Amino acid sequence: MERVEAESRAWFMQCRKCGYEISVWDYGGLRYRGAGTVYRLGRCRGCQKVSMLRVYQRSQPGSD
Ligand SMILES: [Zn+2]
């Protein structure tokens, strides 16, 4: 489970409308495979509106 959490915490979702950013882990622990930036339709917790959320992977601090 620790690995799953680490992977999820490396992914972030950012609202295209308001710029609110949240880690995928905090959003609900959804997992994403592969590399690259993808977009997902979801409800932003910043502006509370359904928006295209940009999902992207950040480099993990201390991993390299
Ligand atoms: Zn938003």
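Guide: Happy to. The protein has two helices and four strands, and please keep in mind that this is a predicted model. Read from the N terminus, its elements follow the order α-β-β-α-β-β.

The four strands make an open sheet in the order 2-1-4-3, with antiparallel pairing. Strand 2 (21-23) and strand 3 (38-43) are the edge strands; each has a single partner strand, so one side of each is left without a neighbour in the sheet. On average, and ignoring direction, neighbouring strands in this sheet are turned by 35° against each other.

Let us look next at strand 4 and its two pairings. With strand 1 (residues 11-15), strand 4 (residues 50-57) forms an antiparallel pair over five bridges. Within this pairing, you can find Phe12 opposite Tyr56 of strand 4. Turning to strand 3, six bridges join this strand to strand 4, and the two again run antiparallel. Here Arg43 has Val50 of strand 4 standing opposite.

Strand 3 and strand 4 also form a hairpin, with six residues between the strands.

Finally, let us step back to the whole chain. Of the 64 residues in the protein, buried ones make up 9%; for this figure, a residue is buried if 20 or more other C-beta atoms lie within 10 Å of its own. As for contacts, take those between residues at least 6 apart in sequence: 47% of them join residues at least 24 apart.

Methods
Residues are numbered from 1 along each chain as its sequence is written. This is a predicted model: local features need pLDDT of at least 70, side-chain atom pairs count only at pLDDT 80 or more; totals for chains, interfaces and linings use all residues. Two strands pair if DSSP finds at least two bridges between them. Axes are lines fitted to C-alpha atoms, for helices over the stretch in contact, and angles run from 0 to 180 degrees between N-to-C directions. A residue is buried if 20 or more other C-beta atoms lie within 10 Å of its own, exposed if 12 or fewer, and partly exposed in between; C-beta atoms are placed from the backbone. Two residues are in contact if their C-beta atoms, placed from the backbone, lie within 7 Å.
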